[in-house]
Amino acid sequence: MSDLASREGTAGATGRAGGARRRWRPLRTLARLNGPQTLGRGPAFWIGFVVVCALVGIYPLFSDGWTVGNTAYFFTWTFMAMGLCVIWGYAGALSFGQTAFFGLSGYAYGVLTLNFGSAYGFTFGALLIGVAASALLALLLGYFLFYGRISGVFLGIVTLSVTLVFETFMAQTAGPEWTVGSARLNGFNGMTGMPPLTLPWFDGDIVLWPDIPLYYLLMGLVIVCYLGLRIFVNSRFGNVLVAIRENPDRAETLGYDIRRYQLGAFVVGSSLAGLSGVLYTAWGQYITPNSMGLYAAALPIVWVAVGGRSDLTATLVGTLAVLWVFQTLTIYGSQYALVVMGALLLVTVLFAPRGLALGLVDLAGWSWGRLRGRKARNGQGDA
Amino acid sequence: MLEGLFAFLFQFGDAFAFLVLSASGLAIIFGMMGVINLAHGEFIMCGAYVTVTAAHAGLPLPLAIACGSLAAGIIGIALERAIINRLFDRPLDTIVATWGISLIATQGTLILLGSTMPGVGTPLGSFEMGSYSFSEYRVVLMVIAVAMMGGLYLLFHRTRYGILARATIQVPHMASALGVNTKVMHSLTFGLGAALAGLAGGLYAPTMTLVPTMGTAFIVESFVTVVVGGADVFLGTAPAAVVLAFIKAGMTSLYGQLFGLIGLLLTVIVVIRIMPRGLSGWLLRGRE
């Protein structure tokens with residue numbers, strides 16, 4: 001990345017030396033918000049984006065605490081979905097075990113905060129340590145996977161096995177011998193009682209219970225993550241990732257070390273899964289081995305596949321939509337919810353392989369194109 | 001000492017039988033079609049449920065197991081016709097689709113048949129060796145595992161179906177040009193894999209609790225065996241099962257069941273780094 005940036009720099013310096021058109025570096029980075037790898041560009045899209053953000057921002061004023069907390073709960077999952085979107089949609093490597101990182105970071109947050117408390121903003125330190133733990137595990141696991149050059153399907157089943165074994169391991173930690181410091185892992189019942197995220201403030205700490213302050217914090221994080229990932233996938237690194245997804249052999253012949261790029265994407269995506277784990281644990285002060293089991297592992301796949309894995313915006317919107325539908329279903333007929341999920345997955349794969357959200361965008365574009373084509377033809381006929 | 005050794009050997013044989021029986025269906029579908037069937041555990045569950053239902057209806061156990069296997073095979077063929085054959089050129093989507101099937105099957109069974117089903121007791125008795133006692137049924141399972149590998153070898157090398165199926169995976173277009181109906185071959189192969197999964201379910205049904213999620217008890221072991229083994233059933237799955245059974249039995253007798261599983265997982269992660277195409281890819285490395 002630095003290589004290209006420096007080359008660009010010298011080209012700019014020699015080509016249009018001192019010219020007014022040469023852009024300031026942060027501005028160049030910001031320009032990557034738009035690019036070939038993401039849908040939506042131009043003033044119309046960004047005005048829409050600001051309007052949506054504003055609507056999401058004022059929404060708590062017109063709602064009750066429970067609903068706002070619940071929406072914050074939806075937000076906690078979006079990071080894992082966006083991470084999987086990078087790994088699967090952009091890098092073309094399907095990982096089934098993102099919940100392993102979710103669980104690892106969640107448990108790390110629990111153990112750390114139960115031992116060291118929440119004073120002096122330590123909960124945010126625990127958040128960072130939890131995410132770092134996931135990044136480290138992803139680096140280690142990804143090294144064996146990508147540097148072994150295993151093919152797509154194997155990656156899926158090895159990562160799935162990791163999360164299932166991790167679940168089995170945590171499920172048997174019920175005994176009193178499984179304690180880390182003063183934190184009991186508590187087996188299948190899970191850990192509880194860790195403090196929520198706590199902001200140190202001048203006149204006492206602000207404890208972020210699942211309510212309006214936490215909502216704004218998570219909303220900010222979602223926006224920062226979304227924009228950051230847009231820049232990431234439109235950068236040189238992201239373009240190479242897409243090239244690898246489209247044709248690994250060609251990318252390799254062009255001189256890219258595809259293992260390094262895929263490992264990079266895996267670490268980024270898994271850290272985001274870890275972030276989801278920490279935020280989920282902090283949101284409900286609760287984490288159980290169930291969140292790493294087969295069904296939990298299926299959920300991110302459903303969100304990303306149904307939303308549209310090849311685009312960040314589609315994934316984000318799709319994830320929130322599926323989460324909302326799933327919760328509504330669970331309220332009205334909990335046992336059928338999983339059947340509907342499975343059917344949704346099947347229908348998406350069979351009939352809208354690019355995802356439902358992207359499928360709708362395609363359909364709209366197609367009918368818009370037809371409409372304009374007809375108008376143009378009619379116009380010609382009149383003339 | 002001698003009885004300790006025998007106990008270890010028994011545990012090894014037990015682990016070997018479990019790995020071979022639970023993985024062979026998955027391995028055949030993967031090796032022959034390149035499809036990873038994430039609904040594998042649900043075919044096992046289906047075999048177990050049908051077996052137990054048939055046994056409760058009065059059929060003798062071997063016949064009931066055959067029914068279970070057959071039912072899983074028929075469902076497998078139907079699913080292949082309806083869904084899998086539309087996704088051949090998209091391997092990652094096949095995983096996702098079979099996972100969708102798995103979700104529907106597990107939850108559907110839970111809704112229709114409830115959270116558990118009364119089982120049948122483990123048949124046959126047990127025998128004593130020194131201070132240990134061993135189940136005879138487990139010995140039968142070991143024999144069946146070995147016999148099944150032999151039977152599959154004969155099936156793929158001595159019958160018309162086997163030769164056509166191997167031709168279909170080697171050069172599909174050529175096989176098709178020579179008049180092999182490759183679609184039927186794919187359906188039959190998927191059905192065979194599903195039937196083997198059902199057989200595993202039927203064989204282990206008497207030893208387990210019947211719950212809709214029982215497939216997950218098999219899934220990690222069978223994945224690990226297939227990844228370590230690679231694409232060939234005979235040169236891959238069988239030797240992989242030997243190696244993994246040794247590790248599993250060793251870790252289990254030293255540290256307990258869970259560490260047997262963790263040992264398997266660590267083995268697979270190291271193996272893919274050294275032999276990305278599994279044992280069979282490594283054994284056959286000069287031949288392609």
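How many of the 288 residues in chain B are buried? The share is 49%, where a buried residue has 20 or more other C-beta atoms within 10 Å of its own, an exposed one has 12 or fewer, a partly exposed one falls in between, and C-beta atoms are placed from the backbone. This is a predicted model, in which local features need pLDDT of at least 70 and side-chain atom pairs count only at pLDDT 80 or more, while totals for chains, interfaces and linings use all residues. Residues are numbered from 1 along each chain as its sequence is written, with chains lettered from A and ligands numbered from 1 in the order in which they are written.

On to confidence. The model scores ipTM 0.80 and pTM 0.83. Chain B averages a pLDDT (the predictor's confidence in each residue, from 0 to 100) of 84, and 99% of its residues score at least 70. For chain A the mean pLDDT is 82, with 90% of the residues at 70 or more. The pLDDT is below 50 over residues 1–20 of chain A, a stretch that has seven contacts in the model beyond near neighbours in sequence; a contact here is a pair of residues whose C-beta atoms, placed from the backbone, lie within 7 Å.

Now for chain B itself. It has twelve helices and two strands, which are DSSP runs numbered from the N terminus (H or I, at least four residues, for helices; E, at least two, for strands). Along the sequence they read α-α-α-α-β-β-α-α-α-α-α-α-α-α. The radius of gyration of chain B is 19 Å, close to the 19 Å that the globule rule gives for 288 residues, so chain B is as compact as a globular protein of that length. That radius is taken over C-alpha atoms, and the rule is 2.2 Å times the number of residues to the power 0.38. The C-alpha atoms of chain B fill a box of roughly 65 × 50 × 35 Å along the principal axes.

Inside chain B, α3(B) packs against helix α8 (residues 182–204) of chain B at an angle of about 145°, with the axes 7 Å apart. Axes are lines fitted to C-alpha atoms, for helices over the stretch in contact, and angles run from 0 to 180 degrees between N-to-C directions. The residues of this contact divide into 13 nonpolar, eleven polar and two charged; Ala, Val, Leu, Ile, Met, Phe, Trp, Tyr, Cys and Pro count as nonpolar, Asp, Glu, Lys and Arg as charged, and the others, Gly among them, as polar.

Chain A, in turn, has 14 helices and six strands. Of its 383 residues, 43% count as buried. Its C-alpha atoms fill a box of roughly 80 × 50 × 50 Å along the principal axes.

Finally, the two chains meet. The contact takes 36 residues from chain A and 33 residues from chain B. On the chain B side, α4 (91–113), α9 (216–229) and α11 (257–274) of chain B are the elements that give two or more residues. α4(B) gives the most, with 15 residues. By class, this side of chain B has 26 nonpolar, four polar and three charged residues.

Notes: Two residues are in contact if their C-beta atoms, placed from the backbone, lie within 7 Å.
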